[in-house]
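Have a look at the picture, then try each one before reading the solution.

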Amino acid sequence: MTFDELDLDPNVLKAVQEAGYTQPTPIQAQAIPFAIKGRDVLGIAQTGTGKTASFTLPMITRLVKGRARARMPRSLILCPTRELAAQVAENFDTYGKYVKLSKALLIGGVSFGDQDKLIDRGVDVLIATPGRLLDHFERGKLMLSAIEIMVVDEADRMLDMGFIPDIERIFKLTPFHRQTLFFSATMPPEITRLTTEFLHNPERVEATAPATTATTVEQLLCRLHPSRREDAEREKRDLLRDVLRGEGDALKNAIVFCNRKRDISSVFKSLEKSGFNVGALHGDLDQSVRTATLDGFRDGSIAILVASDVAARGLDIPGVSHVVNFDVPIHSEDYVHRIGRTGRAGRTGKAITLCLPHEEKHVEKIEKLIERPIAAMEPPGGPRPAPRAPAVEADEARPPRRAREDRPQRRAEPRAPREEAAAPEPVRDVARAPRREDDRPRRRSGGGRDEAVVGLGDHVPAFLLREVPKRALRANVPDDADDQAA
Ligand code: AMP
């Protein structure tokens with residue numbers, strides 16, 4: 001099928017050709033013929049399938065006939081995030097460059113004043129996040145009674161973000177005879193209920209089976225077995241650095257996804273400290289910062305973007321070479337969305353997921369959803385972590401703490417086989433041994449140079465052979481004095 005066969009306005013066709021598209025994508029080929037006739041469409045499609053054009057192209061074609069009245073927009077597109085709304089607005093600029101249509105973008109974090117002025121003049125296309133749209137409505141600045149076409153984009157994300165009551169309310173504020181174009185990557189029951197209630201005899205179109213992952217993305221799972229529970233996050237940050245470095249020149253840029261906002265901040269700081277060119281993106285940041293960070297990532301001045309699902313959902317950033325899941329996503333669908341940020345438009349990409357033992361359960365769910373196992377990847381530099389030299393050295397310098405001394409019993413407990421295989425416990429114990437053995441013989445005997453040091457085999461580190469000053473011996477320090485201080 002070609003775009004010429006889709007009955008699009010000639011000016012829209014011209015813009016599409018200039019965008020360099022030769023063929024409609026499957027979702028476009030299926031959705032546009034119905035949308036252009038005014039039918040309701042239920043599109044099951046994830047980002048990266050060309051779904052935005054599948055509603056913007058027919059919308060523009062239909063809206064060129066007609067004129068907007070003040071405060072009464074003719075069409076409405078609801079998006080879950082500001083970034084996504086801004087992206088849809090850019091699509092309108094691209095495909096609508098040869099037609100005269102006015103649009104307004106209503107998103108939070110931007111002053112009401114400018115948005116009010118646009119609405120007052122009358123707009124053909126209103127692109128909004130639900131909260132900001134209702135704010136305008138409640139201030140009496142906006143009427144939704146002239147809406148001819150309403151689009152709900154990324155409905156399942158709206159559900160995750162708790163927007164469904166807002167969406168229902170907005171549906172009820174628009175005329176019953178509007179046309180509705182409704183898109184969702186997945187169809188949980190709550191979304192199905194919404195479509196049953198508010199769509200009129202919709203044509204269901206599906207780009208790919210829900211929640212499939214692009215075949216152009218190489219997916220890998222890098223397991224980490226931390227030496228101690230409290231070190232897990234730090235060791236994961238170390239692993240992240242090694243993984244990024246291990247990709248060498250193949251890594252042009254990357255989005256690193258974290259499950260929690262506080263991890264975004266610690267991962268950001270750790271990468272920045274290690275000299276990476278990094279930006280952070282999450283919902284709590286000021287809109288101007290979010291926009292600047294995204295622009296920086298798009299133009300290449302930021303190479304690594306540490307982001308939350310909310311902020312990065314649906315973003316179309318072509319040419320992302322890598323996605324790294326710092327955390328295994330808890331919702332399997334998020335995995336599909338995250339890795340969909342790379343390997344876009346037929347390009348190749350790589351998605352690496354870091355996994356702690358307690359995250360294995362989420363991996364299982366993901367593998368079930370994508371119907372294939374994720375290949376295991378050796379951490380760069382081999383299985384990890386043999387206790388990292390600097391950490392052990394630092395331990396040597398620090399006084400022993402009671403908490404640590406209490407641990408051997410717990411360490412002796414049997415562990416799961418995989419943890420045993422990769423966990424560095426035995427090595428750490430050996431590394432710790434010199435200090436403890438060292439303390440006792442010296443205190444007991446006076447630490448003479450010729451004294452045998454117990455427990456070290458043939459090798460005795462030089463620092464153990466140093467003469468101990470008499471003064472220190474006289475102090476008669478009890479063995480656990482440091483523990484009590486700690
Ligand atoms: P979307 O799924 O709407 O986020 O679109 C994903 C990407 O596909 C965007 O970069 C679009 O510019 C691009 N795209 C949309 N339609 C086509 C097409 N027919 N041919 C090639 N690329 C397209």
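Contact here means heavy atoms within 4.5 Å. Helices (H or I, at least four residues) and strands (E, at least two) are DSSP runs, numbered from the N terminus. This is a predicted model, where local features need pLDDT of at least 70, side-chain atom pairs count only at pLDDT 80 or more, and totals for chains, interfaces and linings use all residues. Residues are numbered from 1 along each chain as its sequence is written, and side-chain values use heavy atoms, with hydrogens and water left out.

**Exercise 1. Find the strands that α4 lies across.**

Start at residues 82-95, which form helix α4. This helix lies across β2 (75-78), β3 and β4 (125-128). Its direction is about 170° to β3 (angles run from 0 to 180 degrees between N-to-C directions, with axes fitted to C-alpha atoms, for helices over the stretch in contact).

**Exercise 2. Work out the strand order of the open sheet.**

Walk across the 7 strands: β3-β4-β2-β5-β6-β1-β7, with parallel pairing (two strands pair if DSSP finds at least two bridges between them). β3 (103-106) and β7 (203-206) are at the edges with a single partner strand each, so one side of each has no neighbour in the sheet. From one strand to the next, the twist averages 15°.

**Exercise 3. Zoom in on the pairing of β5 with β6.**

Take β5 (residues 149-152) and β6 (residues 179-184): they pair in the parallel sense over 4 bridges. Now look at I149, which stands opposite Q179 in β6.
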